[in-house]
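Please keep the viewer open as you read.

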Amino acid sequence: MEDLPVMDVGAIRFLASPDGQALLRDLPPYDEAAALPLSDRLRTRGIAPEHVAALLTQQRLRARARAKFGQFADGLLFTADGLEQASRLEVATTHAHRFAALSLATVHDLGCGIGADAITMSVLGITVAAVDIDPLTAAVADANLRPWPDSRARVGRAEEFVAPVDAMRSRIGAWLDPARRVPGVADARGRSRRIYRLEDMSPSWTTVRAIAAAVPATGVKLSPSFPHDHVPAGAEAQWTSWDGTVLECAVWFGPLARRSGRSARVLGPGRDPIEVDESMAQPDPPAASSLADVGLWLHEADRAVLRAGLIGAVTGAVDGVEVDPGLGYVLTSSSASVPFARRYAVHEAMPFSVKSLRGWLRARGITGLTIKKRGVRLDEDQLRRSLKVGRGAGDGEQATVVLTRVAGQQVALVVSADNAP
Ligand SMILES: C[S@@+](CC[C@H](N)C(=O)[O-])C[C@H]1O[C@@H](n2cnc3c(N)ncnc32)[C@H](O)[C@@H]1O
């Protein structure tokens, strides 16, 4: 992760003060080239160097936060780790609506981060009692919750949470979003390193289950890799995607579950949410038995649907077969379509070899190729060199090819996008 000056609780108090807020409001949009002269200008106005550093760090984090929070980023404070781990606004709103529907008195957010979920719950009129193990993060969340005086964040550990004897009668709920990253330890892409084992997250799955046993209205956000066989009896595990990327699997216990078992929620800019559940899916989706099963259409299931194990909702709705189990491409000749899969018209289907595909492309003067692949391992750059095609059309034609497996055999399907889900 790139180096940003480390902030302390004092810096957050300054940023949350009327003076700090006024200075933040007056800052121009973040521009790396202008950072040094801006820093000099603030210092010559008599602002302490550590406060100048805190202001510029926030200016930078707010610019980055716009991707998750849009214009609301300009009213929030962030830490770099807190921003990276925060639920994006549209997904946090999805969480908050589940709690709001139950008219709870208080929701305990046990590991609140910078407060994205706590804020969206507060917006919907829920009183949030939030804790975070990290003092700086708790201070940021508390500052972010200031517009809702009943909601507060303080330093605390989820493990220390004591539920009232009758949580339902007390009308309380619990929300957990366990840390799945090791703060300060970067992976190859510069993001903090991920944790995959349920017991290694903080708080652990055991703690989450204990809290869910004491507080029926409990929800928890987990990694999209949450194993299907860990879905607790009676709970709902919902995989959510945003614009085609799966962001999380949230497990909803007790009255927060809208159905038991697995479901998927497909979200994206400018579109209504779509929900898919087990009742809509064929339990044993059929798979192709040979290349002859390739029909007129290929449906690419949204990845949340695939992760939730609900490809049977696509095969059932379009009367199709999956190319190979688990790959999420469905073949059919029926004209039906579903809003949770992208449909492609299939123009050609051939067993995949570089030589035959190169010949096919050359015969049609195709020089620009979009390559999609699932279930085949190959280096795309190397393949492009072997096929002698670029990404753009250049002087020639464009095509899209899907490289996948049909009934265990590697195939190339030449397709064109038909609809956007
Ligand atoms: C994934 S973040 C929460 C993000 C938050 N839901 C949001 O949208 O902004 C997890 C947070 O849990 C905190 N945490 C980790 N272990 C904890 C524990 N045992 N008790 C309380 N907080 C903890 C971390 O400091 C981190 O800020």
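**Helices that meet**

Let's start where A92, T93, H95, A96 and F99 in α6 meet A116, D117, T120 and M121 in α7; two residues are in contact if their C-beta atoms, placed from the backbone, lie within 7 Å. Sorted by class, the residues of this contact of α6 with α7 are 5 nonpolar, 3 polar and 1 charged. Here Ala, Val, Leu, Ile, Met, Phe, Trp, Tyr, Cys and Pro count as nonpolar, Asp, Glu, Lys and Arg as charged, and the others, Gly among them, as polar.

Before going further, please note that this is a predicted model, in which local features need pLDDT of at least 70 and side-chain atom pairs count only at pLDDT 80 or more, while totals for chains, interfaces and linings use all residues. Residues are numbered from 1 along each chain as its sequence is written. The element names follow DSSP runs, numbered from the N terminus: helices are H or I with at least four residues, and strands are E with at least two.

Two packed helices are described by the angle between their axes and the distance between the axes. Axes are lines fitted to C-alpha atoms, for helices over the stretch in contact, and angles run from 0 to 180 degrees between N-to-C directions. For helix α6 (residues 89-100) and helix α7 (residues 116-123), the axes come within 8 Å and cross at roughly 50°. That makes α6 oblique to α7, on a scale where angles under 35 degrees count as roughly parallel, over 145 as roughly antiparallel, 65 to 115 as roughly perpendicular and the rest as oblique.

Now turn to helix α1 (residues 9-16) and helix α2 (residues 18-26), whose axes are 4 Å apart and pack at an angle of about 75°. The pair α1 and α2 is therefore roughly perpendicular. In this contact, F14, L15 and A16 of α1 meet G20, Q21 and L24 of α2, giving 4 nonpolar, 2 polar and no charged residues.

**Domains side by side**

How is the chain divided? The domain assignment gives domain 1 (9-65), domain 2 (83-276) and domain 3 (291-417), with bounds that come from an automatic or database domain assignment. The C-alpha centres of domain 2 and domain 3 lie 36 Å apart, and 14 residues of domain 2 are in contact with 11 residues of domain 3. On the domain 2 side, β8 (236-242), β10 (261-267) and β11 (274-277) each supply at least two of the touching residues. The largest share, 5 residues, comes from β10. By class, this side of domain 2 has 7 nonpolar, 5 polar and 2 charged residues.

Finally, strand β15 (residues 341-351) pairs with strand β18 (residues 409-417) in the antiparallel sense over 7 bridges, where E348 stands opposite V414 in β18.

Technical notes: Two strands pair if DSSP finds at least two bridges between them.
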